[in-house]
Amino acid sequence: MTQAVEPVAYDVVVIGAGPVGENVADRARAAGLSAAVVESELIGGECSYWACMPSKALLRPVVARADARRVPGLAAAVQGPLDTAAVLAHRDSFTSHWKDDGQAAWLEGIGADIFRGHGRLTGPKAVTVTAPDGTEHRLTARHAVAVCTGSRAVVPDLPGMEGARPWTSREATSAKEVPGRLVVVGGGVVGVEMATVWGALGSEITMLIRGKGLLPRMEPFAGELVAEALTEAGADIRYGVSATSVRRTAPDGPVTVELDNGERIESDEILFATGRAPRTDDLGLETVDLKPGSWLTVDDSCRVEGSSWLYAVGDVNHRALLTHQGKYQARIAGAAIAARAQGAPPLETDRWGAHAATADHAAVPQVVFTDPEAASVGLTLAEAEQAGHRVRAVDHDLAAVAGSGLYADGYRGRARMIVDLDREILLGVTFVGPGIGELLHSATIAVAGEVPLDRLWHAVPAYPTISEIWLRLLETYRGA
């Protein structure tokens, strides 16, 4: 029987205790506001247990071995297979074995109250939490409710799907055994990273790509170089095809996928990496005149349009589905909530203001941890042209700098910067090559800071590092 308790009031109620919700609560507490955090699964969210942390823990040994195999004097020592048990144990340690004690202790340490259970809006500034034992906690927010429930993997509604037990990103990052054969449907970040991992651990990989290339949100050469490496590693990449049905006739048997060209492929597991949907289905949005299951449209302070008290932060607002970008939004939203609660002067919501998540539009960074790595920030050439900017793409071979040659024999990579010709600043930068992930933040600073190219000319890269590519790009642009 459901047991109800009296309402408890907080300044801020946060629904969702992933990295985004944690950061909203942290900013609220730092400003002296009281905060309640509601979580139906593990505190730490998707990133900590089924996305960023486990996937990168799996990828690190794969990429480290690939790098070592390109270094003279070391290559011969790393020709054997990866220690699968050790790789999976490494992954498990980074997920804290799917236990959230540490994350819960951190939230409690900042003074936030944790309510475990399913949270739903029941009206303006009102949230009801149904705990696992049926107890209901009724919470009210004096100033703001922040929806930070993230997104879930989308699995297409194909014939046979219900009994096929397909993998999504969750199963792909938490699997305990290496499948002999793995079909990967989708060529985005999840698809290429998981193809990289499981292929390196021994799976026979087949990738089914509906479009013409991998990593369609990046510059075309990024997907081309990653595809080239995956193919060399043994993956069979098929473009312009779609799955029309799946079938698994026995619980422990293989799965058969039928393609729109009539071909059938048998595999041990199939991963659908085909997009995300907001976790807003059973959130009570209808009680505040919003559509259940929808993405929540927000302003640059992450306040839901038309509301004075409801915020949507992270994936649910569909601005940039990346953990680090959601945490950035949380810092902005937390500051805005606190400023409004304290009756501060007008908020700084102008471009790059303290209460405006401008980077969501202008400087979103992302690293794809494949071999080679692909990293980008800001606009691609196509996006810049579509937005009406007068631009020039400046390309350079990453292998042409001394640091790349020292990093690896046979280094292959490419760099591009998108120059706004009217303002002579950068609108976007893309790097593809081994070891370039840590190079991205310099590009992010250049784009977010709108650093004039004449000033970048005075930012001297250390020799001999891969970052010398900056000098080569600027020389190419200047014609020097």
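Predicted model: local features only at pLDDT ≥ 70, side-chain atom pairs only at ≥ 80, totals over all residues.
## Ground rules

Local features need pLDDT of at least 70, side-chain atom pairs count only at pLDDT 80 or more, and totals for chains, interfaces and linings use all residues. Numbering starts from 1 along each chain as its sequence is written, and side-chain values use heavy atoms, leaving out hydrogens and water.

## How α3 meets α8

Helices here are DSSP runs (H or I, at least four residues), and strands are E runs of at least two, numbered from the N terminus. The axes of α3 (residues 52-68) and α8 (residues 189-200) come within 9 Å and cross at roughly 60°. Those axes are lines fitted to C-alpha atoms over the stretch in contact, with angles from 0 to 180 degrees between N-to-C directions.

On the α3 side, the contact (heavy atoms within 4.5 Å) includes Leu-58, Leu-59 and Val-62. From α8, Met-194 and Val-197 are among the residues taking part.

## A look at α8

Buried residues (under 20% relative accessible area) in α8 include Gly-191, Glu-193 and Trp-198. Just after α8, Gly-202 takes a positive phi of about 120°.

Most residues other than glycine have a negative phi, and most peptide bonds are trans. His-97, in the loop between α4 (84-94) and α5 (101-109), has a positive phi of about 55°.

There are cis bonds to point out, too. One joins Asp-371 and Pro-372, with omega about 10°; Pro-372 sits in the loop between β17 (365-368) and β18 (373-378). Another runs from Tyr-463 to Pro-464, with omega near -5°.

Key: Buried < 20%, exposed > 50% of the residue type's maximum accessible area, 1.4 Å probe, protein only.
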